[in-house]
Amino acid sequence: MFDRGQLEQAINDVWYRPKRFRDCLLIVGLAPVAFIYLIIATLRSAAYQFGVFHQCKVDAFVIVVGNISVGGTGKTPFTLALCQFFEKQSISYGIVSRGYGGVSDHYPLEVTETTSAAQCGDEPLMLKYRIGSRPVFVGPDRVAAAKALLAKYPVRVVICDDGLQHYRLARNKEFVVIDGQRGVGNGWPFPAGPLREPLRRLFRADAVVINQQKQVVGKTPALPDLPANRLCRICLVPHRLVNLKTNKVAEIDSFAGMCVHAVAGIGNPQRFFYTLSGLEIQFTAHVFPDHHAFQATDFAFAETLPIIMTEKDAVKCAVFATDQMWCLVVEAELPELVAKQLIDEIG
């Protein structure tokens, strides 16, 4: 039976940990396709940059959060850090996103607490749960989503989550998030490697944010020689555990020394497992494809143990949650470099 999770893991091994001779052969074999992809991506970017293609402006300060590689880098926690910053500054904001993994009969779609992940995607729903009354809209066309949001909620700031390559939406700020553990992998363009755009694209970003684990802060992935005033770090810190069924909150060290099932259907599951190890939790890892549509049968494990998952996975499990299911909530503080840029330009 086809296992998408195992396929994703195999691809990640080629992109980020090529060790075997056949991995290298596969990279070389895909090089012609990667070269064509690189040319198309570069020409498209240049067409918007030099005005050949038209960018659409909206009546708000637009911040784009994205990455130049395929897979999870920590964009959503960084987006939440931006939200917390604007809350403290009493600046109104909203979020627009692609809504990957969701299918709706109409777009743009406003995400509410009653919207399902099947309609809007897991990440937008998770964001909505975290930011409460602030608006979240999804749609393949980010310009249309932003206009729909502003028509109903005239906010000062629109945050476009995972929108770096959606060049049709004009932006005031670009923040690129890089995984501090995996970096940019083998450095090859897609599909031979994980890069959506060449590394030189980083020089056009207002800040490149290295997302690092608390245990390995200080280590920097191989990147171009970026100016010091464009490079900063963000550290995801485990904050609390929340029971999916009862909403009971447990201290972060509550499961230290215990055996649990660790479930992850995210772009980089090893980051989640590494975090659990840092909390001294003993676990059996269960890896699912990114954006996996969980069902109750996915949790029919042989051993009856507590189950810990990410927030992104938890929003898809609420309808069949049990007392054994917990999600790990992580927090991050906005880098001073980014905060200063925003204060200088927004006030």
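Where does N247 lie? In this predicted model, N247 sits in the loop between β8 (231-243) and β9 (249-250). Let's start with that residue's backbone, then look at the cores and a pair of packed helices.

- Most residues other than glycine have a negative phi, and most peptide bonds are trans.
- N247 isn't a glycine, yet it has a positive phi of about 65 degrees; with 58% relative accessibility, N247 counts as exposed.
- H291 also isn't a glycine, and its phi is positive too, near 65 degrees.
- You'll find H291 in the loop between β11 (282-287) and β12 (307-310), and at 17% relative accessibility H291 counts as buried.
- Y107 and P108 are linked by a cis peptide bond, with omega near -5 degrees; P108 is in the loop between β2 (93-97) and β3 (109-110).
- Another cis bond joins F190 to P191, with omega about 5 degrees, and P191 belongs to the loop between β6 (173-179) and β7 (207-213).

**Nonpolar cores**
- The largest nonpolar core has 39 residues, and F78, L82, F86, V338 and L342 have the most contacts inside it.
- Helix α3 (residues 75-88) gives this core its largest share, 7 residues.
- Apart from that core there's another one of 27 residues, including C56 and V176.

**Two packed helices**
- α3 packs against α5 (residues 122-131) at an angle of about 25 degrees, with the axes 11 Å apart.
- Angles under 35 degrees count as roughly parallel, so α3 is roughly parallel to α5.
- The α3 and α5 crossing is right-handed.
- Among the residues making the contact are L80 and C83 of α3, plus M126 and L127 of α5.
- The contact residues split into 5 nonpolar, 3 polar and 2 charged.

Notes: Residues are numbered from 1 along each chain as its sequence is written. This is a predicted model: local features need pLDDT of at least 70, side-chain atom pairs count only at pLDDT 80 or more; totals for chains, interfaces and linings use all residues. Side-chain values use heavy atoms; hydrogens and water are left out. A nonpolar core is a set of buried Ala, Val, Leu, Ile, Met, Phe, Trp, Tyr and Cys residues joined through side-chain atoms within 4.5 Å. Buried means under 20% relative accessible area, exposed over 50%, partly exposed in between (1.4 Å probe, protein chains only). Helices (H or I, at least four residues) and strands (E, at least two) are DSSP runs, numbered from the N terminus. Axes are lines fitted to C-alpha atoms, for helices over the stretch in contact, and angles run from 0 to 180 degrees between N-to-C directions. Angles under 35 degrees count as roughly parallel, over 145 as roughly antiparallel, 65 to 115 as roughly perpendicular and the rest as oblique. A crossing is left-handed if the near helix is turned anticlockwise from the far one by less than a right angle, and right-handed if clockwise. Contact means heavy atoms within 4.5 Å. Ala, Val, Leu, Ile, Met, Phe, Trp, Tyr, Cys and Pro count as nonpolar, Asp, Glu, Lys and Arg as charged, and the others, Gly among them, as polar.
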